[in-house]
Amino acid sequence: SLIRILNGPNLNLLGQREPEIYGRATLADVERACRALGTDLGLDVSFDQTNHEGQIVDWVQESRGVAAGIIINPAALTHTSVAVLDALNMFDGPVIELHISQVHKRESFRQHSYVSQRADAVMAGFGVQGYELALRHMAHLLG
Ligand code: DQA
């Protein structure tokens, strides 16, 4: 089965972006690790990033009937986007929301997530290792 891993705004600069918060690994490093683990788990993994809200909406819509599950780091859209939530609400499979940083010990505006209204599981503060942990949990959910 296909698992879509979707990444929102500014995650293209992972590794350069506030490394004290997000670490030194790049998004390409994360993608490589997820693809390798996907192979081990027998899952097809697609991995995408965009800085544009509508692109995330399009990708979530296109996942309907195609992907078994979605792992999403909506980045700043987590805290702002009803559109991303609405799109996820039309997707049938498991949804895992992922944040590299521990958003609950950061600024108050990061404490609320629209996406959490839909997510079956939420991870925060596991660093980039969270992506692999989320993928393992997805394999478990899909049995
Ligand atoms: C983030 C946390 C968000 O608050 C922030 O806007 C991001 C990244 C994380 O992975 O920790 O861009 O989703």
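**Exercise 1.** In which helix is the place of aspartate 86? Work out too whether aspartate 86 is buried or partly exposed.

*Solution.* Keep in mind that you're looking at a predicted model.
- Step 1: find residues 82-89, which make up helix α4, and you'll see aspartate 86 in that helix.
- Step 2: count C-beta neighbours inside 10 Å, and you get 14 for aspartate 86.
- Step 3: apply the cut-offs, where 20 or more means buried and 12 or fewer means exposed. With its 14 neighbours, aspartate 86 therefore counts as partly exposed.

**Exercise 2.** Find out how helix α4 lies against helix α3, and which residues make the contact.

*Solution.* 
- Step 1: helix α3 covers residues 53-63, and its axis comes within 9 Å of the axis of α4.
- Step 2: the two axes cross at roughly 5°. Angles under 35 degrees count as roughly parallel, so α3 and α4 are roughly parallel to each other.
- Step 3: on the α3 side, the contact is made by Glu53, Ile56, Val57, Val60 and Gln61. On the α4 side, Ala83, Val84, Ala87 and Leu88 take part.
- Step 4: sort these residues by class, and you end up with 7 nonpolar, 1 polar and 1 charged.

**Exercise 3.** UniProt has an unreviewed entry with the feature "active site". Which residues does it list, and where do they sit?

*Solution.* 
- Step 1: the entry places the feature at Tyr22 and His99.
- Step 2: they span 78 residues in sequence, yet no two of their C-alpha atoms are more than 9.6 Å apart, so they gather at one spot.
- Step 3: take tyrosine 22, which is found in helix α1, residues 19-22. It has 19 C-beta neighbours inside 10 Å and so counts as partly exposed.
- Step 4: now for histidine 99, which is found in strand β4. Here there are 22 other C-beta atoms within 10 Å, so histidine 99 is buried.
- Step 5: with neighbours within four places in sequence left aside, histidine 99 is in contact with Asn73, Met123 and Ala124.

**Exercise 4.** Name the residues around the ligand and sort them by class.

*Solution.* 
- Step 1: around the ligand you'll find Asn10, Asn73, Ala75, Ala76, Thr78, His99, Ile100, Ser101, Val103 and Arg110.
- Step 2: this shell divides into 4 nonpolar, 5 polar and 1 charged residues.

How values were computed. Residues numbered from 1 in each chain as written. Predicted model: local features only at pLDDT ≥ 70, side-chain atom pairs only at ≥ 80, totals over all residues. Helix = DSSP H or I, 4+ residues; strand = E, 2+ residues; numbered from the N terminus. Axes fitted to C-alpha atoms, helices over the stretch in contact; angles between N-to-C directions. Parallel < 35°, antiparallel > 145°, perpendicular 65-115°, else oblique. Contact = placed C-beta atoms within 7 Å. Nonpolar A, V, L, I, M, F, W, Y, C, P; charged D, E, K, R; others polar. Near = placed C-beta within 6 Å. UniProt positions renumbered as here; feature names shortened; annotations may be inferred.
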